[in-house]
Amino acid sequence: MTLATFIIKNAVRNKRRAALSILSVAASLFLLVTLLVFQRELTLPPEEAGAALRVVVRNRVSLGQPLPARQRPIIEKITGVEAVTPFSWFGGVFKDEKFPSFAQFALDPKMLRHVFGEAKVTPGAYEAFESERTGCIIGKLTADKYKIKVGDIIKFTSDIYAVSLEFKVVGIYWGTIDDRNCLFNQKYLDEATGNHGMVGTWWVKVRSTEDMPAVIQAINNAFANTSSEVRAESERAFQLNFVSMWGNIKTLVTLISTVVVFTLVLVSASTMSMAVRERFRELAILKALGFQRRELFAFILAESFGLAGFGAVVGIGWAWLLYSQTRWAGILLGAVAAAFAANFLKLLFHREWLGAFLALLAAAGLAAAAKFIYAKGSIAGLTQNFMNTFDVTPRIIGFALLVAACLGVVASLAPSWAVVRASVVEGLKTLD
Amino acid sequence: MALPIKYNVRNLVIRWRSTITTMLGVALVVAVYVLVQALAVGLEKASQNTGDPRNTIILRKGSTAESVSQITRAQYREILYLPQIARDQNGNPLVSADVIVLINLPRKQGRSEANVLVRGISPMGRFLRPQVRLVAGRWFVPGNREIVVSAKLAERFANFDIGSQIKTGGKLITVVGWLDGGDSAYDSECWMDADEARSLFDRENYSSVLLRVNGPEAALAISNRVDTDKRLSLRAMPETEYYSKQTMTAKPIKVLGGFLATVMSIGAIFAAMNTLYASVGARVREIGTLRVLGYRRRAILMSFIIEGALLSLAGGLLGGLLALPLHGYTTATIGLETFSETIFQFRITPALFAEGLLFSLIVGVIGSLLPAIRAARLPVIAALRAA
């Protein structure tokens with residue numbers, strides 16, 4: 001028997017306890033990863049491929065104030081500007097929903113492919129969008145959520161204008177950072193509202209990154225001391241501004257994550273020291289047999305490390321699977337449910353009524369969860385399109401692993417200390 | 001016969017080490033749950049504190065919130081002559097046409113910015129909202145480009161001291177006073193004159209009209225009159241009803257709280273199970289003895305479940321107490337309806353506290369169920385012989 005097998009045998013001797021310890025560590029690490037990803041999505045939205053060359057121009061007062069349409073030719077004339085499109089929030093409530101559940105923006109169809117070049121669209125979408133005044137292009141996530149197809153007519157009642165508009169879906173786009181929006185023609189909006197003079201914001205495509213600072217400054221200067229002063233900034237800066245509006249929620253999520261880590265350390269450390277305390281007598285025997293203290297430490301540390309490590313793999317792995325391979329997560333959960341169902345049959349055969357009942361309960365619950373996750377298919381589906389990306393980054397995985405490693409060490413401290421202090425005789429006398 | 005509860009308490013005390021860690025674990029889970037839900041409750045409370053039952057608010061048909069509604073001056077004039085509107089001693093109708101403008105301003109700390117909601121109010125606006133008090137400085141004088149800001153916002157935004165000037169889009173507005181909204185949504189607002197705000201920010205229309213009515217029948221009559229007038233295309237409702245519907249911001253927080261609670265409680269249940277299994281394992285002979293003394297399996301089962309429930313209830317109580325100091329603590333985030341900085345307080349209501357306790361009780365009962373079944377099923381003879 002090698003040392004490694006000795007340690008492993010020890011760790012799984014009490015299978016139930018090992019499983020429970022691993023699962024409680026896993027639940028906590030899963031939560032930790034989720035919170036870290038959530039916080040990252042809040043504070044650092046992912047960068048879009050084409051964003052480096054885009055400038056967003058809004059009214060200096062706030063995003064809520066419109067801009068006069070006459071600004072467009074002035075911006076277009078600035079050197080380094082390649083394309084300009086209005087980008088106006090419509091605030092439409094879809095069908096009979098209660099509030100706007102996804103965004104609609106009015107823009108200049110001719111400029112779509114120039115300003116948002118990274119978007120991929122269904123074939124013929126650009127041409128149809130330019131020729132059909134009431135046409136709209138809709139993001140794939142939203143199209144999937146509401147089962148909207150090209151050719152459908154969709155209707156919105158605006159929250160900010162006193163109009164309802166019907167759009168004909170002429171295309172579906174994907175491959176951008178936010179595949180949830182509905183894009184339509186600014187002219188259609190102007191005609192419907194009878195107001196041709198105002199837009200929400202300008203989105204400007206700049207020729208090269210070197211031109212960015214000069215273009216931003218030129219736009220800001222062009223409208224200084226006019227009745228509609230603007231603020232031009234890179235798309236990234238614009239996004240980060242949004243993020244800063246979340247205010248104290250970020251701090252709160254950090255606070256919760258800290259408490260979760262603390263709880264995790266506490267609970268797991270207690271279970272693990274329980275595991276060691278239980279076989280105090282054995283450790284005393286090993287001591288009597290001539291094992292050195294540091295060898296005993298190594299046993300304890302390896303076992304605690306192993307349990308934490310397993311928990312980490314299960315918890316982090318499940319988080320990754322659920323958030324980036326959602327369908328597979330559903331399938332895996334289905335398999336676990338099937339295992340419980342098999343167990344149910346076995347227990348039924350052995351006339352273990354109570355056990356069978358509990359296994360059946362577990363199987364049913366897991367199967368329902370598996371079905372839900374599989375049906376939703378993605379993080380966007382799981383959150384009703386509230387979150388659209390949910391990246392478990394290597395950095396976050398690394399951090400969670402580090403927490404697990406620290407946990408392994410901390411959990412082994414108390415039992416190690418007990419081993420140091422106890423004499424062999426005392427240990428041999430211990431009953432439980 | 002049931003085992004005395006004292007037996008469970010003593011057991012918990014004697015195994016104080018694992019009792020304390022399990023209890024702390026449950027306590028932290030409950031504390032997190034209560035705190036997150038306290039945020040949602042606080043947001044809803046701030047909204048509920050805002051409306052006055054005597055007032056009716058009129059918005060454009062189809063608007064979900066005041067900030068996106070528009071009312072033309074012609075519509076306002078029509079509303080002014082509705083007979084059901086209450087009047088003051090001088091016979092002036094108690095009506096305020098408000099305009100809502102968002103302005104983007106720098107925060108005090110760091111370089112970050114956020115939207116602040118500016119409400120332009122008519123002269124009657126203040127009397128319609130008696131819960132708003134001036135706590136420092138004076139009220140604005142129309143025409144002087146003056147503004148009164150919420151004292152709570154003043155703690156968070158730069159240049160909000162009395163006498164300072166706010167610069168927005170090339171315009172300068174002087175802060176002349178601080179208001180206190182009495183923990184209502186008005187704590188997240190700045191007030192100035194409505195018509196001045198309209199000209200300053202190029203707004204042709206008002207956003208909403210707030211009016212006082214003579215009793216509930218008059219309120220009903222007004223909403224019937226306004227809602228059915230096709231030409232007006234407006235909607236009237238009691239102000240309290242309007243604010244009770246402004247709960248969009250609280251929703252995602254509630255979902256987050258529910259998610260946290262579910263996952264953390266699963267972890268806590270596993271941990272509690274572990275503790276109680278160990279506790280059963282260590283007491284095999286004791287359980288055998290109890291059985292010999294005549295206690296039924298049922299009694300043993302119940303006793304262990306009660307022990308688990310006691311353990312986690314104590315944890316839940318501790319967790320609630322841990323969360324309590326944050327009650328009333330002011331915090332802010334973006335309001336999803338107003339799209340501006342929204343100030344609110346953590347609110348730990350008795351109901352929420354009870355919810356936390358119930359939550360810990362569930363964790364305790366589920367966590368102790370399997371170990372208790374195991375204890376109840378121990379064969380007596382083997383248990384007596386156990387080491």
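Q: Is the crossing of H11(A) and H12(A) left-handed or right-handed?
A: This is a predicted model, in which local features need pLDDT of at least 70, side-chain atom pairs count only at pLDDT 80 or more, totals for chains, interfaces and linings use all residues, and side-chain values use heavy atoms without hydrogens or water. Residues are numbered from 1 along each chain as its sequence is written, while chains are lettered from A and ligands numbered from 1 in the order written. A crossing is right-handed if the near helix is turned clockwise from the far one by less than a right angle, and left-handed if anticlockwise. The crossing of H11(A) and H12(A) is right-handed.

Q: Which residues of H12(A) meet H11(A)?
A: The contact (heavy atoms within 4.5 Å) involves Leu283(A), Leu286(A) and Lys287(A) on the H11(A) side. By class, the residues on both helices are 5 nonpolar, no polar and 2 charged. From H12(A) come Arg293(A), Leu296(A), Phe299(A) and Ile300(A).

Q: At roughly what angle do the axes of H12(A) and H16(A) cross?
A: H12(A) spans residues 293-324 and H16(A) residues 394-421, with axes that come within 8 Å. H12(A) passes H16(A) in a right-handed crossing, and their contact has 19 nonpolar, 4 polar and 1 charged residues. The axes cross at roughly 150°.

Q: Which element gives the most residues to the side of chain B that touches chain A?
A: The contact takes 62 residues from chain B and 55 from chain A. Elements of chain B that each supply at least two residues include helix H2 (16-48), strand S2 (95-106) and helix H9 (250-282). With 17 residues, the largest contribution is from H9(B).

Q: How far apart are the closest N and O atoms of Glu113(B) and Arg231(A)?
A: Across the interface of chain B and chain A there are 2 salt bridges (a side-chain nitrogen of Lys or Arg within 4 Å of a carboxyl oxygen of Asp or Glu). Glu113(B) and Arg231(A) form a salt bridge, with a closest N and O distance of 2.6 Å.

Q: How many residues apart in sequence are the parts tied together by Lys254(B) and Glu44(B)?
A: Lys254(B) forms a salt bridge with Glu44(B), their closest N and O atoms being 3.0 Å apart. Lys254(B) lies in helix H9 and Glu44(B) in helix H2 of chain B, so the pair joins parts whose sequence separation is 210 residues.

How values were computed: Axes fitted to C-alpha atoms, helices over the stretch in contact; angles between N-to-C directions. Helix = DSSP H or I, 4+ residues; strand = E, 2+ residues; numbered from the N terminus. Nonpolar A, V, L, I, M, F, W, Y, C, P; charged D, E, K, R; others polar.
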